[in-house]
Each structure stands twice: as C-alpha cells, then as structure tokens.
Amino acid sequence: MAATEAQSEPCVDALLKHRADPNVVCCEYWPPLAIHAAAGGDNVNILRRLAAVTRRGLGSGEGEVSPVFFVLEKPEMLEVLLKEGFSLEAGWENWEYEDHYDAYTPLGLVLYNMVNDPALNHSRCMSLLMRAGAPLTEDCWRLSLSDPCVLDLLLAQRCEDQGKGPGARPLLSGEELEALVSAAEEDATEAGSWLPALLESGLDPNALLVPAFLEEAPSEALTYLLEMVDRSTLGRPLRDVLEQRQKMKTWTPPAHLEWVPPLFHLCRLRLRAHLGPDVLMRSPAVIQLPVPLLLHDYLLFADIKAPGDPRSGSPSD
C-alpha cells in the first residue's frame with residue numbers, strides 16, 4: 001500500500017516479486033487495497049501490475065467497491081481494469097462519490113462530466129463503459145437528452161456496438177427503452193432538439209406515443225412524430241390529447257396531416273414493421289430492395305420535415 005501510494009513502480013515490482021499479497025486489506029479507511037490506491041494515482045504501469053494479481057470479484061463483498069469507480073475520468077486506466085475483468089458496477093452502492101442529482105450510475109457520472117465539462121475528453125470513458133455492457137439507465141438518458149452533442153456520441157457508440165444489417169442487435173433493451181420513455185416524458189418540451197437523432201438511429205417512434213409526451217411536446221416535434229406513425233391506429237386517449245391541444249391552440253396540424261394516411265405512407269410503415277426500425281434506419285437494407293432509387297429516401301422517412309428544418313413543408317403524404 002505504501003509503495004503504491006508513493007507511486008514507486010520499482011518498489012511495487014519488488015514487493016510483488018517477493019510474493020506480497022495485493023488482496024490484503026491494508027487499512028480501515030480508503031483506499032482499503034493497493035489497487036484502489038493505484039487507481040487513485042496516475043501511474044498506469046502500477047495499476048496494470050496490480051490488476052493482474054488482484055482478485056476479480058472485488059466489489060461483491062460487504063462494504064467493497066470495484067476499483068473501476070476510481071478511474072471514471074482516466075480512460076487509459078479504465079481500459080486496463082475493464083480488460084482485466086473488474087466489474088463496472090459491483091459495490092456502486094458503497095461508493096462514496098460526489099453526489100450529483102442527475103447521475104446515479106457509473107455511466108451516468110461519465111455523461112454528467114461530458115455535459116458539464118466538455119473541454120475534457122470524457123467520451124472515451126463513455127465508449128469503454130458502453131462496450132463493457134453498461135446499461136443506458138434513466139439518468140443516462142436524462143443527461144444525454146439535455147445535450148445534443150452528447151446524445152449524438154452516445155447513439156453513435158450504441159449503433160456501433162449493436163452492429164448493422166440483418167444480424168444487428170436491437171438498439172435498446174426493454175429496460176433501456178422504458179428508461180428512455182420516462183426521460184423523454186420529463187423532457188418533452190425540448191423534444192425538438194433530440195427527437196430526430198433518436199428516430200434516425202432506429203428508435204421505434206411508436207414508443208413515444210404516450211399521453212405525457214403528446215401533451216408537452218412542442219408543436220413542430222409533435223407533428224414530426226405523428227408523421228412517422230400510422231395515425232389511424234391512435235387510441236381514444238391519445239386522440240383526446242391531440243384534440244385538446246388543437247382546441248387550446250397549442251398544436252395546429254398541417255394541412256397534409258390526415259388521420260388516415262395515404263397508401264404510400266402505410267406501405268413504408270409496413271416495410272419498417274417487417275424489417276424493424278433498427279435494420280431499416282441503421283443498415284443498407286433499403287438499397288438492396290427491388291424498388292426505384294427515387295424511393296429510397298422516402299422509405300427512410302427522409303422526406304419528413306424534422307423540427308428546425310428550414311424546408312417550408314413536408315411532402316410525405
């Protein structure tokens with residue numbers, strides 16, 4: 001422990017050579033093990049040497065924490081620990097980190113840093129955690145939705161991790177989708193800044209057809225969402241929300257937006273349902289279809305005017 005805290009690489013090497021046990025708890029206060037002290041320092045070689053000989057289940061015992069939590073702002077050290085198999089979540093409940101209301105998971109804390117300290121390159125830490133399987137929890141979505149640049153980086157990483165084409169894994173798990181919808185409901189008033197990025201990455205727009213979102217979404221974002229779905233299938237509760245917004249003049253549907261969409265639109269919705277929005281939006285599937293080249297953009301919903309798009313109207317219908 002003393003050699004590690006002193007960042008003395010020769011001493012650490014000598015002690016390990018003479019079979020010093022790195023798994024012995026050295027003190028009752030932090031850091032309890034040498035690897036925690038190494039993670040708190042700046043010498044990646046010391047961390048690499050200790051990581052190779054420290055037990056992997058660290059963090060699963062009572063009061064223990066994974067050394068990963070010490071390096072959430074140090075990408076090179078984080079990569080070492082994740083490659084050696086240390087948990088990215090074991091013992092998080094015991095970790096005494098600076099309390100941020102918006103972040104309560106390791107990945108959430110990294111995203112908090114990305115939002116609030118963009119001058120530093122925290123994106124590599126985000127990529128490492130996501131590749132290691134860190135889930136996209138509600139705090140992750142809340143933070144990402146607040147910053148379009150962070151959201152773009154997060155979605156690009158998830159799309160890369162999940163792959164493309166017919167063998168691609170779904171963009172989100174069921175729990176991740178539920179967390180996203182919850183965060184989207186809370187941030188519905190700012191939907192114009194993040195909704196296009198989500199749908200272009202393969203999110204099923206039907207997931208956001210919930211009263212809380214339709215009640216608060218800006219008029220332009222609401223129209224954009226409705227143009228992406230089969231409006232004829234909306235249930236009575238959702239129609240009531242839309243009719244109330246029309247009555248209160250908080251949403252005015254454009255003239256081309258009809259309750260019963262035209263056949264062309266229904267056909268591309270059927271294609272999206274068959275392929276899955278993930279495959280349709282994140283793969284070259286469309287160019288492999290036996291349809292005219294001029295229809296490719298239409299099948300990808302590229303003709304629909306996104307919030308903030310300077311085009312005067314949408315020819316989608």
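Helix axes are lines fitted to C-alpha atoms over the stretch in contact, and angles run from 0 to 180 degrees between N-to-C directions. Helices are DSSP runs of H or I, at least four residues, numbered from the N terminus. Two packed helices are described by the angle between their axes and the distance between the axes.

The model is predicted: local features need pLDDT of at least 70, side-chain atom pairs count only at pLDDT 80 or more, and totals for chains, interfaces and linings use all residues. Residues are numbered from 1 along each chain as its sequence is written, and side-chain values use heavy atoms, with hydrogens and water left out.

Start with helix α6 (residues 106-116) and helix α7 (residues 123-131). They pack at an angle of about 160 degrees, with axes 9 Å apart. That makes α6 roughly antiparallel to α7 (the cut-off is over 145 degrees). The crossing of α6 past α7 is left-handed (the near helix is turned anticlockwise from the far one by less than a right angle). On the α6 side, Pro-106, Leu-107, Val-110, Leu-111 and Met-114 take part; they meet Ser-123, Cys-125, Met-126, Leu-129 and Met-130 of α7. Nine of these residues are nonpolar, one is polar and none is charged. Here Ala, Val, Leu, Ile, Met, Phe, Trp, Tyr, Cys and Pro count as nonpolar, Asp, Glu, Lys and Arg as charged, and the others, Gly among them, as polar.

Now turn to helix α4 (residues 44-51) and helix α5 (residues 75-83). Their angle is about 10 degrees, and their axes lie 10 Å apart. The two are therefore roughly parallel (under 35 degrees). Val-44, Leu-47, Arg-48 and Ala-51 of α4 make the contact with Glu-76, Met-77, Val-80 and Leu-81 of α5. This contact has six nonpolar, no polar and two charged residues.

Phe-213 counts as buried because its relative accessibility is 0% (buried means under 20% relative accessible area, with a 1.4 Å probe and protein chains only). Beyond its neighbours within four places in sequence, its contacts include Ala-184, Ala-188, Leu-208 and Leu-225 (contact means heavy atoms within 4.5 Å). Ala-188 is 25 residues away in sequence, yet 5.6 Å away C-alpha to C-alpha.

The structure holds two aromatic pairs (ring centres within 6.5 Å, using the six-membered ring of Trp). One joins Trp-194 and Phe-213, tilted, at 6.0 Å centre to centre and 55 degrees between the planes (under 30 degrees is stacked, over 60 edge-to-face, the rest tilted). This pair links distant parts of the chain, with Trp-194 in helix α11 (residues 191-200) and Phe-213 in α12, 19 residues apart. Both residues, Trp-194 and Phe-213, are buried.

Notes:
Buried means under 20% relative accessible area, exposed over 50%, partly exposed in between (1.4 Å probe, protein chains only). Angles under 35 degrees count as roughly parallel, over 145 as roughly antiparallel, 65 to 115 as roughly perpendicular and the rest as oblique.
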